[in-house]
Amino acid sequence: INNIFGLFRFFKSETQRNNTHCTGHNFSDGTMGIDSAFVLHNGNTDKTDVQKRIRGVVFLFNEVNRGSSDAFELQENRLNLSIARSELDDALSLIEQKEMVEAVAELSRHGSLMQNHTGALYFFEWTRKLQANLYGDGNMEVARTLNQIGNVYFKMGTVIDLRRAECSFQESLKIKRRILGDKDHIEIATSINNIALIFKERNDYDRALELFRKALRMKRSTVGDNSPDVASTIVNIANIYELKGELNKALELYQKTLPVQKMALEENHPNTAVTKSNIANIYKKQGKFNEAVGYFSEAIAMMKVTNPSHPVIHINLCKLGKIFFRAGDIERARRCFVDALTSQKRTMGEDHPAVIKTRNIIRSIEKQEQHILKTL
């Protein structure tokens, strides 16, 4: 267990070099979690201690400094992370059967909240192990956790990660098929939908479209036409048509989705805002800029209410800025890019390439404004 204190010291030194990513609160909770590891090793496996232990390691995983450029430090990072995983395996293996339910819930909840993909994967893998011990490998809970593992790999996005995501989705689907048979079910439709997303990322649009349609038919037969699950798959099909350049088909599907989302989801839901953004993008591509401005503006206003740090906000503001600039409305263009910069800095920091690019665009626009004023 002393090795886990080595990891804590490592995380602390890394964060001191980059203290913008850390607060004392994280380390207080992290230390509490590590301290409770001793309780586990002493044979006391009270569920509160188990939960504290898991929370502590979550905080530590989230303190990984991903910006290191030194080769030796990167190697040391990997070594310490490996040691931490080994120690956590040892600690969690002491959890008795009766406490596994609480541990599974805690692991799954924190896995969903992990900022670090490596940490999220690790916690979901442990959730899967505990679920397999509790329920057996062929249980629906195991299938759902496999789906979550696939989602993390999908977000990581490399060719290898997409292959791993597909394997997790396929394994999840296989378990679900064993449990549910050949009948239509929302769980099976969800897995098919996720596999379709893999083919979309590989630019195999025809195969993706085939699977999305299969998932859509299954969802409609199990949850009805007015379900947000149905709406999300229709949006995925519209995405494929948009990527294939069939803009009218894409626009028709996006517009059909909006009433379902407005009825099935709460007001200003992020999914509805994203659909409005998609409609705006179609209008922009078609040269219908007035319509595009209206939908971009609505999407931004909705997202600011529910998720002020969502990337849709700064992406749409930049697109609005370009539309206004091309229309000759220099001042409105500048205001859009200034708002976009504020949103980007909040989520990305000062030195992100996107922040630097937006800052340079604002400087260029301000120079043009000065030139126009001189000619008046």
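**Entry 1: a charge over a ring**

I began with a definition: a charge sits over a ring if NZ of Lys or CZ of Arg is within 6 Å of the ring centre and within 35 degrees of the ring normal. A reminder to myself is that this is a predicted model. With that rule in hand, I looked up phenylalanine 199. Arginine 202 lies over the face of this ring, at 5.9 Å from the ring centre. Arginine 207 has its charged end over the ring of phenylalanine 199 as well, 5.5 Å from the centre. While on rings, I also looked up aromatic pairs, and the structure holds one.

**Entry 2: salt bridges**

Next I turned to the salt bridges and noted a count of 21. I picked out a few to follow by eye.

My first stop was glutamate 125, which forms a salt bridge with arginine 128. The closest N and O atoms of this pair are 3.9 Å apart, and the cut-off for a salt bridge is 4 Å, so the pair counts. Where do glutamate 125 and arginine 128 sit in helix H6? They are three residues apart in that helix (residues 117-135), so about one helical turn separates them. Glutamate 125 is partly exposed, with a relative accessible area of 29%. Arginine 128 is partly exposed too, at 24%.

Then I went to arginine 144, whose salt bridge is with glutamate 187, with 2.7 Å between the closest N and O atoms. This pair links distant parts of the chain, 43 residues apart: arginine 144 belongs to helix H7 (residues 140-156) and glutamate 187 to helix H9 (residues 186-201). Is glutamate 187 buried or exposed? I found it buried, at 13% relative accessibility, whereas arginine 144 is partly exposed at 36%. I also noted that Arg144 and Glu187 are linked with Glu141 and Lys176 in a network of salt bridges.

My last pair was arginine 220 with aspartate 225, where the closest N and O atoms are 3.1 Å apart. Arginine 220 is partly exposed at 41% relative accessibility, and aspartate 225 is partly exposed at 46%.

**Entry 3: helix H15**

I checked the length of helix H15 (residues 311-326) next. At 1.5 Å a residue, its 16 residues should span 22 Å. The end C-alpha atoms are 23 Å apart, which agrees. Which residues of H15 are buried? My list reads Val312, Ile313, His314, Asn316, Leu317, Cys318, Leu320, Gly321, Ile323 and Phe324. After the helix comes glycine 328, and I noted that its phi is positive, near 90°.

**Entry 4: leucine 320 and the core**

Leucine 320 made me look up the largest nonpolar core, which has 72 residues. Which of them touch the most other members? They are Ile192, Phe212, Ile237, Tyr254 and Leu320. I then listed what leucine 320 contacts, leaving aside neighbours within four places in sequence: Val293, Phe296, Ser297, Ile300 and Cys336.

**Entry 5: serine 277**

I finished with serine 277, which has its place in helix H13 (residues 270-285). At 5% relative accessibility this serine counts as buried, because the cut-off for buried is under 20%. What is serine 277 in contact with, once neighbours within four places in sequence are left aside? I wrote down Phe296, Ala299, Val312 and Asn316. Two of these names took me back to my notes on H15, where Val312 and Asn316 are among the buried residues.

Conventions: Residues numbered from 1 in each chain as written. Predicted model: local features only at pLDDT ≥ 70, side-chain atom pairs only at ≥ 80, totals over all residues. Heavy atoms only, no water. Salt bridge = Lys/Arg side-chain N within 4 Å of Asp/Glu carboxyl O. Helix = DSSP H or I, 4+ residues; strand = E, 2+ residues; numbered from the N terminus. Buried < 20%, exposed > 50% of the residue type's maximum accessible area, 1.4 Å probe, protein only. Expected span 1.5 Å × (residues − 1). Core = buried A, V, L, I, M, F, W, Y, C linked by side-chain atoms within 4.5 Å. Contact = heavy atoms within 4.5 Å. Phe/Tyr/Trp six-rings, centres within 6.5 Å; stacked < 30°, edge-to-face > 60°.
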